[in-house]
Amino acid sequence: MKEIIVEVSNEGEVKLETRGFKGKSCIAESRFLKDLLGKETAQNLTPAYFQTEEAVVRKYLPLCG
């Protein structure tokens, strides 16, 4: 399940965390919130950012003449 978690501290600092996304889609999907909230001061990329969407690759091997 894909989620965008928004956390607001008592000081007004806003943190966005994405879960369930792979690759750069997390940045694209959360862009609207970043645009609404203002300037981004820091960005921490998780290992999921560096993963690629799983593609189905099928290879056919000639087993019989």
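**Reading a β-β-α chain, term by term**

From the N terminus on, the chain's elements run β-β-α.

Mentor: Welcome! This is a predicted model, in which local features need pLDDT of at least 70 and side-chain atom pairs count only at pLDDT 80 or more, while totals for chains, interfaces and linings use all residues. Residues are numbered from 1 along each chain as its sequence is written, and side-chain values use heavy atoms, with hydrogens and water left out.

Trainee: What makes a stretch a helix or a strand here?

Mentor: Helices (H or I, at least four residues) and strands (E, at least two) are DSSP runs, numbered from the N terminus. The chain has 1 helix and 2 strands. Helix H1 covers residues 25-37, strand S1 covers 3-8, and strand S2 covers 14-19.

Trainee: How do you know that S1 and S2 pair?

Mentor: Two strands pair if DSSP finds at least two bridges between them. S1 and S2 have 6 bridges, in the antiparallel sense, so they pass that test. Val-8, for instance, has Val-14 in S2 as its bridge partner. The two strands form a hairpin with 5 residues between them, and Gly-12 in the turn has a positive phi of about 95°.

Trainee: Why is Ser-30 called buried?

Mentor: Buried means under 20% relative accessible area, exposed over 50%, and partly exposed in between (1.4 Å probe, protein chains only). Ser-30 has 4% relative accessibility, so Ser-30 counts as buried. In the chain of 65 residues, buried residues make up 12%.

Trainee: Which residues is Ser-30 in contact with, leaving aside neighbours within four places in sequence?

Mentor: Ile-4, Leu-16 and Thr-18. Contact means heavy atoms within 4.5 Å. Ser-30 itself is found in H1.

Trainee: Why is Arg-19 with Glu-17 called a salt bridge?

Mentor: A salt bridge needs a side-chain nitrogen of Lys or Arg within 4 Å of a carboxyl oxygen of Asp or Glu. For Arg-19 and Glu-17, the closest N and O atoms are 3.0 Å apart, so the pair qualifies. Arg-19 is partly exposed at 42%, and Glu-17 is partly exposed at 37%.

Trainee: How many salt bridges are there in the whole structure?

Mentor: The search finds 2. Glu-40 and Lys-34 also meet in one, at 3.6 Å, N to O. Glu-40 is partly exposed at 39%, whereas Lys-34 is buried at 14%.

Trainee: What makes a nonpolar surface patch?

Mentor: Patches are made of residues with over 30% relative accessible area and no salt bridge: like charges are joined within 9 Å, nonpolar side chains (Val, Leu, Ile, Met, Phe, Trp, Tyr) within 5 Å. Val-6, Val-8, Val-14, Phe-32, Leu-36 and Leu-37 make one of about 580 Å². S1 and H1 each give two or more residues to that patch, and H1 supplies the largest share, 3 residues.

Trainee: How do you know that Val-6 clears the accessibility cut-off?

Mentor: Val-6, in strand S1, counts as partly exposed at 43% relative accessibility, so Val-6 lies over 30%.

Notes:
Areas by Shrake-Rupley, 256 points an atom, 1.4 Å probe, with all protein chains shown as cover.
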